[in-house]
Amino acid sequence: MAQAQTPDFVGIDTLKSIAKDYDQTIGLSAVSYRPDIFSRFGIKVLNGIQNMNIKFVLIRKGHVTERKVVGNVKASSIGYLDERPLQVYLNVAKFVDNRDRYRELPQPVGPAAGQGNDSAKFTYPLINLAIDSILKTYGGDLFDCLFHGDASIPAVADGVEKPKNYYLRLYDGLITMLNKDVANGLISEKNGNLYNAGSIEAPADPQTDDSAYQEFKKFRLFWNPALRSANKVLVWANDETGEAIADAYSVSKAHHKDVIWLDNGNYKFPQWNNIEVCMDAEYGKGQKLIATVPDNAQYGIDTSGSNSYIGVREGSDNDQLDIMWQIQSAQGSRWESYSPTKLCVTSASLTPVALSGDYYEDLIEVRSNDTAKGTVKVNGEPAPVGGKEYPAGTVLTLKAEAGTGTFVGWSGSIDSTEAEVTVTVGYQPMSITAMFK
């Protein structure tokens, strides 16, 4: 029986052609990464904007003019126009892969497939899978900034270690923008869009403690009447805070009535059908609540020009057999209006969650595949169980010491057969295993 031959490299022109098909979807990577968040939290996606989109919002002040008698007019201020820009930021990511991974025979598709017709179209399923994986990673990076992104976080300078929140510097997130508006006084208790809330904790006594729900009721009563009576009000919360309010509601009704859980994971209160509580762990750590109307929070993508682009070239600075992918797009976010008729937030703090992605933890896990056959030391000490976090730039000496077995090499983030190696900690997690047989 003849042995199947390994397909040749498909060629850089084929990769460029395949990549071209993704150009229009790159900017939507963050939306595709977690579409449920954009839907459940009522975040409007603005597609096709150029660099900066400016919305002018009329902020009303004073009361309506009254005319009690002819010639007797009570003066009032109609308000002022506020400029709410949506600034997009260009973000570029590069991914390096080996050319040998791109060996695949084309698969014919379409009505002419299998008929020997030259008009048949072809697809490369494995290459498409690789590009989809790259876009998912890129989309996850962009999505991480949706709530807590801060474009002012400095890039690493010579001799200065990257800050822990370096991964959040892609663009300003929605929470960051609220914090800025609180700092400049646009959101305040006086303006009616900032409520100094008390603690919202899970019921200490599941039979009697309904304090979390009572605090939520106070928050709702603080809202501007126009917000309170809006057709739909979305209240953002993290999992713990949202569940604490739901549990406390049940306690307040002597466990005879619960909130109404929706299929999308949000919930409503039976007596306030227009209020929907939206929860997700990605929202952050803390008890901050945000009440707003749908589409007030916005995510913008610049797909109108050449900003959204996926390119590929053969060869990198290290190896001519590498395939270098470059993905770039421009995105940003904004609140269309901070008017109390559309927005009210609590004063509680909110911080980003610890991510499992590539940028947050400088965690190095070093282990043996079989501790009876051999062990590992890190800088002369036994490798910490579960790994340890080291500052970026730290140089570690790893030494494999055979027991009942024989050391054969390292697996994971390094590739070597030397029993003693040095590793420089980067800005991403590393997993290294000493292999013994």
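Me: How many salt bridges does a search of the whole structure find?
Reply: Eleven salt bridges turn up in the search. Keep in mind that this is a predicted model.

Me: OK, which residues are linked in a network of salt bridges?
Reply: Arg34, Asp36, Arg40 and Asp280 form such a network. Arg34 meets Asp36, with 2.8 Å from N to O, and Arg34 also meets Asp280, again listed at 2.8 Å, N to O. Then Arg40 and Asp280 pair up through their side chains at 3.1 Å, N to O.

Me: Where do Arg34 and Asp280 lie?
Reply: Arg34 lies in the loop between helix H2 (29-33) and helix H3 (35-40), and Asp280 in the loop between strand S13 (272-279) and strand S14 (290-292).

Me: Is Arg40 buried or exposed?
Reply: Arg40 is buried, at 7% relative accessible area. Asp280 is buried as well, with 10%, and Arg34 counts as buried at 18%, under the 20% cut-off. Asp36 is partly exposed, with a relative accessible area of 31%.

Me: Switching to cysteines: what does the disulfide count come to?
Reply: The count comes to zero disulfides. As for individual cysteines, Cys145 is buried at 0% relative accessibility, and Cys278 is buried with a relative accessible area of 0%.

Me: Now the sheets. What is the strand order in the open sheet of four strands?
Reply: The order is S21-S20-S23-S25, and the pairing is antiparallel.

Me: Which strands stand at the edges?
Reply: Strand S21 (381-382) and strand S25 (420-424) do. Each has a single partner strand, so one side of each has no neighbour in the sheet.

Me: How many bridges join S20 to S23?
Reply: Five bridges join strand S20 (residues 374-378) to strand S23 (residues 395-402), and the two run antiparallel. As one spot to look at, Val378 stands opposite Leu398 in S23.

Me: Let's do a helix. How many residues does H9 have, and how far does it reach?
Reply: Helix H9 (residues 239-252) has 14 residues and reaches 20 Å from its first C-alpha to its last. That is close to the 20 Å expected at 1.5 Å a residue.

Me: Which residues in H9 are buried?
Reply: The buried ones are Thr241, Gly242, Ala244, Ile245, Ala246, Ala248, Tyr249, Ser250 and Val251.

Me: What covers the buried residues of H9?
Reply: The cover includes helix H7 (211-222), strand S10 (233-237), strand S11 (260-261), strand S12 (267-269) and S13.

Me: Last one: where does Glu336 lie?
Reply: Glu336 lies in the loop between strand S17 (322-335) and strand S18 (343-346). Glu336 is buried, with a relative accessible area of 15%.

Me: And what joins the side chains of Glu336 and Gln298?
Reply: A polar contact of 3.0 Å joins those two side chains.

Methods: Residues are numbered from 1 along each chain as its sequence is written. This is a predicted model: local features need pLDDT of at least 70, side-chain atom pairs count only at pLDDT 80 or more; totals for chains, interfaces and linings use all residues. Side-chain values use heavy atoms; hydrogens and water are left out. A salt bridge is a side-chain nitrogen of Lys or Arg within 4 Å of a carboxyl oxygen of Asp or Glu. Buried means under 20% relative accessible area, exposed over 50%, partly exposed in between (1.4 Å probe, protein chains only). Two strands pair if DSSP finds at least two bridges between them. A disulfide is a pair of cysteine sulfur atoms within 2.5 Å. A polar contact is a pair of N or O atoms within 3.5 Å; within protein, one must be able to donate a hydrogen and the other to accept it, and residues adjacent in sequence count only if both atoms are side-chain atoms. The expected span of a helix is 1.5 Å times one less than its number of residues. Contact means heavy atoms within 4.5 Å.
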